[in-house]
Amino acid sequence: MLPKIANPIDPVRSATMRAVKSKDTGPEMTVRRLLHSLGYRYRLHRKDLPGNPDLVFPSRRKIIFVHGCFWHGHHCARGRRKPKTNADYWLPKIARNRERHAVAVKKLKALHWDVLTLWECKLKNVDFLRQHLDRFLQRDGDHYFGRTAS
Ligand SMILES: [Zn+2]
């Protein structure tokens, strides 16, 4: 019996989709490895939180998203690059991603989560990234809780 052959799919598009939709993308793994080496513990892809955040630090009440520049439409050279093919497919999708993320961040902040969004293009300088992560994870989130406001 011959295996069923799926509908033909544009191989370039499906490869790109796999690359950008993967949960364990290169940029995210870079951040995870660094966090791990710094001794931070986190949970991954909490589905019960708005936006299904990439990295969640429950005891610190912090959340980190790691965004691919193309997939999330970053204002950088890579993010502004127009897709060569299937632009009518990608552009609305990217616009929706941006919108969805903005809504998720708003909801998370309303739930008193402190949110950091890291962009793929900013991950190359490891020293900078390390300082950035430390600053974010150790900063006092009390401005959301209003501890000083009584
Ligand atoms: Zn970028």
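The model is predicted: local features need pLDDT of at least 70, side-chain atom pairs count only at pLDDT 80 or more, and totals for chains, interfaces and linings use all residues. Residues are numbered from 1 along each chain as its sequence is written.

Start with helix H2, residues 26-38. Helices (H or I, at least four residues) and strands (E, at least two) are DSSP runs, numbered from the N terminus. H2 has 13 residues and spans 19 Å from first C-alpha to last, close to the expected 18 Å; the expected span is 1.5 Å times one less than the number of residues.

Which residues of H2 are buried? They are Glu28, Val31 and Leu35. Buried means 20 or more other C-beta atoms within 10 Å of the residue's own, exposed means 12 or fewer, and partly exposed is in between, with C-beta atoms placed from the backbone. Down the axis of H2, the buried residues fall within an arc of 65°, so they line one face of the helix; the arc is that of the directions from the helix axis to the C-beta atoms. On the other side, Gly26, Met29, Arg33, His36 and Ser37 are exposed.

Now the positive phi values. Asparagine 52, not a glycine, has phi near 50°. Asparagine 52 sits in the loop between strands E1 (43-44) and E2 (55-57), and counts as partly exposed because it has 15 C-beta neighbours inside 10 Å. Histidine 112, also not a glycine, has a phi of about 70°. Histidine 112 has 11 such neighbours inside 10 Å, so it counts as exposed.
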